Amino acid sequence: MSEKSRIIHWDIIRRKVRQFFTKNIGYKILSVLIALFVWSYVISQDPTLTRDKIMNDATISVTGADAIKRNGYIVTSSLDDQLQGITVRAAVPQTQYQNAQASNYNLRLDLSRIRAAGEQEARILWTNSSTYGSIVEVVPAAVNVNVEEYITRYRIPVMLETTGTLQNGWYTTAATLDPPVVAVSGPLSLVQSIVRAQATMDLSSLKGEEGTVLTAVPFQLFNSKGEPVESSLLEVTSESVLMDSVIVEQTLYPEKILTFSQLGLITGTPGYGYEIKNVTISPEQVIAAGRTDALNEIEQIYTDAHVDVTDATESFTQILRLRKPSSLTYLSEETVTVAVEIGEKSATRTFDNLRLNLVNVPDGMSATATQRTASVTLEGPLLWIEALRANHLNLTLDLENLSEGEHEVPVHCEVSDSDGISFQVTYNPETVKVTLKNR
């Protein structure tokens with residue numbers, strides 16, 4: 001083909017192309033749209049046409065916690081921190097790219113696959129989706145967890161500690177706990193250290209109402225050192241029911257102060273010359289508790305025995321048990337101490353016409369008394385008084401340092417063998433007139 005022919009040929013082609021784009025433009029645009037629609041439809045029907053999508057901070061569910069316990073193990077690691085910041089890369093069909101989320105693939109950590117204690121690797125599992133495609137990669141693919149043996153200890157005793165005080169005038173019976181023992185399940189290292197469960201109850205919270213009271217009281221677990229043991233991994237149960245408190249049952253009764261009756265308390269007679277000086281009971285009162293109708297019928301309390309003072313010559317004490325009426329629930333004391341003071345009886349005796357002796361007459365003087373005898377009355381211990389004789393008594397008028405003239409001189413009585421004896425003397429007369437003269 002000549003050069004001229006080629007030029008003519010290409011010129012014809014350019015004119016036809018120009019005609020194609022300048023004529024029937026509407027049909028041509030429609031054709032393009034139809035082509036695009038057909039292309040999109042083909043893509044949507046072909047799941048093999050995918051696009052990778054990165055999803056950060058995926059949520060990982062933890063399963064198999066109960067199953068691993070049944071296998072005798074428990075994970076003690078905190079999984080919350082380790083399961084943060086998980087990244088997922090998935091091959092997502094083009095049509096679901098915007099809708100795809102990590103939750104569409106059921107990402108999970110299945111603890112039931114663990115079969116040994118110690119540090120274990122647990123892989124993150126997932127389920128691919130026919131709609132949202134398949135997981136290509138999870139980072140990290142696994143986490144390390146600490147695993148311990150899972151054990152249960154039965155019959156851990158429940159103990160009650162009380163704080164505060166009851167309202168005045170009320171008494172409560174000893175509390176009963178429901179249940180009295182519990183079972184504790186959890187990691188071996190924690191469970192084997194637990195020795196008791198302790199509930200603490202504030203008595204001041206009880207209302208002053210007669211009758212039985214049921215109170216739900218929370219408790220704590222303690223080891224042998226008295227230290228609390230706290231962990232979310234521990235489960236406390238009773239008859240397979242999870243517990244966080246125990247029921248404390250108590251019965252409240254009104255109180256009443258009772259005095260002691262001394263009716264018939266003392267029997268017998270002290271030895272001759274002795275008598276009961278005083279009887280004291282310690283404590284002087286007791287607190288009783290019981291039903292209101294029972295308290296209304298009781299005013300005094302009695303001992304279950306007597307104090308025998310037969311031939312007693314010394315003070316003594318004796319402990320007696322109290323006689324508790326069957327209608328009462330409580331007495332603050334089981335016994336009382338009775339103190340019996342025994343002392344010598346007191347007696348009086350008068351000695352008449354006892355000689356008055358003038359003593360300590362000043363030198364160079366003579367003395368004359370208006371009377372030479374007097375009477376004395378002595379009061380003192382009976383046995384001592386009865387043993388006295390007139391010759392045991394010496395009545396004197398002491399003239400020492402007196403001058404010439406008349407003087408009222410007091411009568412003085414000296415009693416032999418009276419050391420340590422407490423006695424009193426009265427005189428008749430109390431004074432005697434004495435005249436002193438120079439010789």
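**Strand pairing, cores, salt bridges and backbone geometry**

Strand β1 and strand β4 (residues 86–93) pair in the antiparallel sense, over seven bridges. Strands here (E, at least two residues) and helices (H or I, at least four residues) are DSSP runs, numbered from the N terminus, and two strands pair if DSSP finds at least two bridges between them. The model is predicted: local features need pLDDT of at least 70, side-chain atom pairs count only at pLDDT 80 or more, and totals for chains, interfaces and linings use all residues. Residues are numbered from 1 along each chain as its sequence is written, and side-chain values use heavy atoms, with hydrogens and water left out.

In general, strands of a sheet pair through backbone hydrogen bonds, either parallel or antiparallel.

Strand β21 (residues 300–303) is joined to strand β23 (residues 316–323) by two bridges, and the two run antiparallel. Here Y302 stands opposite R323 in β23. β23 also pairs with strand β25 (residues 335–344), in the antiparallel sense and over six bridges. In that pairing, the bridge partner of T317 is A339 in β25.

The largest nonpolar core has 27 residues, and those with the most contacts inside it are I60, V75, L107 and L109. Such a core is a set of buried Ala, Val, Leu, Ile, Met, Phe, Trp, Tyr and Cys residues joined through side-chain atoms within 4.5 Å. Buried means under 20% relative accessible area, exposed over 50%, and partly exposed in between (1.4 Å probe, protein chains only). At least two residues of the core come from each of β1, β3 (73–75), β4, β6 (118–125), β7 and β8. The largest share, four residues, is supplied by β4. Leaving aside neighbours within four places in sequence, L107 is in contact (heavy atoms within 4.5 Å) with residues including A58, I60, V88, I124, W126 and V138. A second, separate core has 24 residues, among them L356, V376, L382 and C413. In soluble globular proteins, nonpolar side chains tend to be buried together.

S112 lies in the loop between β5 (108–110) and β6. This serine is buried, with a relative accessible area of 19%. Apart from neighbours within four places in sequence, S112 is in contact with T63, G64, A67, I68 and N71.

Seven salt bridges are found in a search of the whole structure. A salt bridge is a side-chain nitrogen of Lys or Arg within 4 Å of a carboxyl oxygen of Asp or Glu. One joins E235 to K69, with the closest N and O atoms 3.3 Å apart. E235 is in strand β15 (residues 235–238) and K69 in helix α3 (residues 65–70), so that distant parts of the chain, 166 residues apart, are linked. E235 is partly exposed, at a relative accessible area of 27%. Another salt bridge joins K256 to E299, with the closest N and O atoms 3.2 Å apart. K256 lies in strand β17 (residues 245–260) and E299 in the loop between α6 (292–296) and β21, so the pair ties together parts that are 43 residues apart in sequence. K256 is partly exposed, with a relative accessible area of 21%, whereas E299 is exposed, at 53%. A network of salt bridges links D52, R89 and E137.

Most residues other than glycine have a negative phi, and most peptide bonds are trans. R155, in strand β8 (residues 142–163), has a positive phi of about 60° although it is not a glycine. N353, in strand β26 (residues 346–359), likewise has a positive phi, of about 55°. R155 is exposed, with a relative accessible area of 65%, and N353 counts as exposed at 60% relative accessibility. The peptide bond from S282 to P283 is cis, with omega near -5°. A cis peptide bond also joins N428 and P429, with omega about 0°.
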